[in-house]
Amino acid sequence: MTPDTLFQIANTTALAGWAVLLGSPLFPIIADRIAAYAIPLLLSVAYAGLILAFWARGEGGFDSLDNVARLFQTRELLLAGWIHYLAFDLFVGAWIVRKGRGEAVPFLLVVPCLALTFLFGPAGFLTFAAIRAARAGRAVIA
(Lines give C-alpha, C1' and ligand atoms only; values in the text may rest on other atoms or scores of the structure.)
Protein backbone atom coordinates (compact mmCIF):
# COMPACT_ATOMS: atom_id res chain seq x y z
CA MET A 1 0.00 0.00 0.00
CA THR A 2 1.39 3.40 -0.92
CA PRO A 3 1.94 6.22 1.58
CA ASP A 4 -0.68 8.26 -0.29
CA THR A 5 -3.27 5.52 0.11
CA LEU A 6 -2.43 5.13 3.80
CA PHE A 7 -2.69 8.91 4.19
CA GLN A 8 -6.21 8.89 2.71
CA ILE A 9 -7.31 5.95 4.87
CA ALA A 10 -5.89 7.52 8.04
CA ASN A 11 -7.53 10.88 7.31
CA THR A 12 -10.90 9.30 6.56
CA THR A 13 -10.71 7.15 9.68
CA ALA A 14 -9.82 10.11 11.89
CA LEU A 15 -12.56 12.22 10.31
CA ALA A 16 -15.07 9.49 11.17
CA GLY A 17 -13.91 9.73 14.79
CA TRP A 18 -14.47 13.49 14.81
CA ALA A 19 -17.96 13.00 13.33
CA VAL A 20 -18.72 10.53 16.11
CA LEU A 21 -17.60 13.11 18.70
CA LEU A 22 -20.00 15.66 17.23
CA GLY A 23 -22.81 13.13 17.67
CA SER A 24 -21.68 12.11 21.14
CA PRO A 25 -24.59 13.75 23.02
CA LEU A 26 -26.86 11.26 21.25
CA PHE A 27 -24.73 8.15 21.92
CA PRO A 28 -22.07 8.93 24.55
CA ILE A 29 -20.96 5.37 25.34
CA ILE A 30 -20.51 4.43 21.69
CA ALA A 31 -18.71 7.73 21.03
CA ASP A 32 -16.32 7.07 23.90
CA ARG A 33 -15.52 3.59 22.64
CA ILE A 34 -15.05 4.62 19.03
CA ALA A 35 -13.48 8.09 19.19
CA ALA A 36 -11.55 7.76 22.44
CA TYR A 37 -10.22 4.26 22.04
CA ALA A 38 -10.92 2.27 18.86
CA ILE A 39 -9.85 4.81 16.26
CA PRO A 40 -6.86 6.24 18.18
CA LEU A 41 -5.68 2.66 18.83
CA LEU A 42 -6.09 1.77 15.16
CA LEU A 43 -4.13 4.87 14.14
CA SER A 44 -1.51 4.01 16.75
CA VAL A 45 -1.05 0.58 15.18
CA ALA A 46 -0.51 2.20 11.79
CA TYR A 47 1.94 4.65 13.35
CA ALA A 48 3.89 1.90 15.12
CA GLY A 49 4.02 -0.16 11.93
CA LEU A 50 5.41 2.75 9.94
CA ILE A 51 7.98 3.54 12.64
CA LEU A 52 9.09 -0.09 12.86
CA ALA A 53 9.34 -0.45 9.10
CA PHE A 54 10.97 2.86 8.19
CA TRP A 55 12.74 4.37 11.22
CA ALA A 56 16.13 2.97 10.21
CA ARG A 57 15.87 4.66 6.80
CA GLY A 58 15.31 8.10 8.25
CA GLU A 59 18.05 10.65 8.64
CA GLY A 60 17.98 13.27 11.34
CA GLY A 61 16.54 13.10 14.80
CA PHE A 62 14.95 15.19 17.54
CA ASP A 63 17.92 17.20 18.79
CA SER A 64 17.47 20.22 16.49
CA LEU A 65 14.86 21.67 14.20
CA ASP A 66 17.07 20.94 11.19
CA ASN A 67 17.32 17.28 12.22
CA VAL A 68 13.55 17.03 12.66
CA ALA A 69 13.18 18.45 9.15
CA ARG A 70 15.62 15.82 7.84
CA LEU A 71 13.72 13.07 9.64
CA PHE A 72 10.49 14.04 7.91
CA GLN A 73 12.07 14.07 4.45
CA THR A 74 11.39 10.33 4.41
CA ARG A 75 7.84 10.11 3.09
CA GLU A 76 6.83 7.18 5.29
CA LEU A 77 8.13 8.90 8.43
CA LEU A 78 6.34 12.09 7.43
CA LEU A 79 3.18 9.96 7.19
CA ALA A 80 3.93 8.46 10.62
CA GLY A 81 4.24 11.99 12.02
CA TRP A 82 0.90 12.95 10.47
CA ILE A 83 -0.80 9.85 11.88
CA HIS A 84 0.71 10.74 15.26
CA TYR A 85 -1.12 14.09 15.06
CA LEU A 86 -4.35 12.44 13.94
CA ALA A 87 -4.32 9.92 16.80
CA PHE A 88 -3.42 12.34 19.57
CA ASP A 89 -5.67 15.18 18.45
CA LEU A 90 -8.63 12.78 18.27
CA PHE A 91 -7.73 11.35 21.68
CA VAL A 92 -7.62 14.88 23.13
CA GLY A 93 -10.92 15.73 21.42
CA ALA A 94 -12.53 12.68 22.99
CA TRP A 95 -11.09 13.66 26.38
CA ILE A 96 -12.59 17.15 25.97
CA VAL A 97 -16.00 15.62 25.23
CA ARG A 98 -15.82 13.24 28.22
CA LYS A 99 -14.52 15.90 30.59
CA GLY A 100 -17.10 18.40 29.36
CA ARG A 101 -19.88 15.88 29.86
CA GLY A 102 -18.62 15.01 33.33
CA GLU A 103 -18.42 18.66 34.35
CA ALA A 104 -21.75 19.61 32.70
CA VAL A 105 -20.12 21.98 30.21
CA PRO A 106 -22.78 22.78 27.62
CA PHE A 107 -22.01 20.93 24.40
CA LEU A 108 -22.36 24.18 22.46
CA LEU A 109 -19.24 25.38 24.31
CA VAL A 110 -17.44 22.11 23.61
CA VAL A 111 -18.02 22.18 19.84
CA PRO A 112 -15.71 25.16 19.14
CA CYS A 113 -13.05 23.45 21.25
CA LEU A 114 -13.40 20.36 19.09
CA ALA A 115 -13.10 22.41 15.91
CA LEU A 116 -9.97 24.11 17.21
CA THR A 117 -8.49 20.79 18.36
CA PHE A 118 -9.25 19.26 14.97
CA LEU A 119 -7.57 22.13 13.14
CA PHE A 120 -4.93 23.40 15.56
CA GLY A 121 -4.53 20.74 18.27
CA PRO A 122 -3.25 22.53 21.37
CA ALA A 123 -5.33 25.66 20.66
CA GLY A 124 -8.50 23.61 21.21
CA PHE A 125 -7.14 22.13 24.41
CA LEU A 126 -6.19 25.64 25.60
CA THR A 127 -9.66 26.97 24.78
CA PHE A 128 -11.31 24.13 26.69
CA ALA A 129 -9.01 24.73 29.67
CA ALA A 130 -9.99 28.41 29.61
CA ILE A 131 -13.71 27.53 29.52
CA ARG A 132 -13.27 25.17 32.47
CA ALA A 133 -11.35 27.79 34.43
CA ALA A 134 -13.97 30.44 33.71
CA ARG A 135 -16.78 28.13 34.78
CA ALA A 136 -14.94 27.15 37.97
CA GLY A 137 -14.35 30.83 38.79
CA ARG A 138 -18.01 31.58 38.32
CA ALA A 139 -19.00 28.67 40.54
CA VAL A 140 -16.67 29.90 43.29
CA ILE A 141 -18.07 33.44 43.12
CA ALA A 142 -21.71 32.33 43.00
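1. Read along the sequence, the protein chain follows the pattern α-α-α-α-α-α. It has 6 helices and 0 strands, where helices (H or I, at least four residues) and strands (E, at least two) are DSSP runs numbered from the N terminus. The model is predicted: local features need pLDDT of at least 70, side-chain atom pairs count only at pLDDT 80 or more, and totals for chains, interfaces and linings use all residues. Residues are numbered from 1 along each chain as its sequence is written, and side-chain values use heavy atoms, with hydrogens and water left out.

2. Along the principal axes, the C-alpha atoms of the protein chain fill a box of roughly 60 × 35 × 20 Å.

3. Helix H1 (residues 3-22) packs with helix H2 (residues 28-54) at an angle of about 165°, and their axes are 9 Å apart. Axes here are lines fitted to C-alpha atoms, for helices over the stretch in contact, and angles run from 0 to 180 degrees between N-to-C directions. H1 and H2 are therefore roughly antiparallel to each other; angles under 35 degrees count as roughly parallel, over 145 as roughly antiparallel, 65 to 115 as roughly perpendicular and the rest as oblique. The crossing of H1 and H2 is left-handed, a term used if the near helix is turned anticlockwise from the far one by less than a right angle, clockwise being right-handed.

4. On the H1 side, Leu-6, Ala-10, Thr-13, Ala-14, Ala-16, Gly-17, Val-20 and Leu-21 meet Ala-31, Ile-34, Ala-35, Ile-39, Leu-42, Leu-43 and Leu-50 of H2, contact meaning heavy atoms within 4.5 Å. By class, the contact of H1 with H2 has 13 nonpolar, 2 polar and no charged residues. In this division Ala, Val, Leu, Ile, Met, Phe, Trp, Tyr, Cys and Pro count as nonpolar, Asp, Glu, Lys and Arg as charged, and the others, Gly among them, as polar.

5. The axes of H1 and helix H4 (residues 75-102) cross at roughly 5° and come within 10 Å. That makes H1 roughly parallel to H4. Residues of H1 in this contact include Pro-3, Asp-4, Phe-7, Asn-11 and Trp-18, and those of H4 include Arg-75, Glu-76, Trp-82, Leu-86 and Asp-89. The contact of H1 with H4 divides into 14 nonpolar, 3 polar and 4 charged residues.

6. Asn-11 lies in helix H1. Leaving aside neighbours within four places in sequence, Asn-11 is in contact with Trp-82 and Leu-86. Asn-11 and Trp-82 are 71 residues apart in sequence, with a C-alpha to C-alpha distance of 9.2 Å.

7. The end C-alpha atoms of H4 are 40 Å apart, which agrees with the 40 Å that its 28 residues should span at 1.5 Å a residue; the expected span is 1.5 Å times one less than the number of residues. Just after H4, Ala-104 takes a positive phi of about 55°.

8. The axes of H1 and H5 come within 11 Å and cross at roughly 170°. That makes H1 roughly antiparallel to H5. Leu-15, Trp-18, Leu-21 and Leu-22 of H1 meet Phe-107, Val-111, Leu-114, Thr-117 and Phe-118 of H5. The residues of the contact of H1 with H5 comprise 8 nonpolar, 1 polar and no charged.

9. The whole structure contains 5 aromatic pairs. Rings of Phe, Tyr and Trp (its six-membered ring) pair if their centres lie within 6.5 Å; planes under 30 degrees apart count as stacked, over 60 as edge-to-face and the rest as tilted. Trp-18 and Phe-118 form an edge-to-face pair, 5.5 Å centre to centre with 75° between the planes. Trp-18 lies in helix H1 and Phe-118 in helix H5 (residues 107-120), so the pair ties together parts that are 100 residues apart in sequence.
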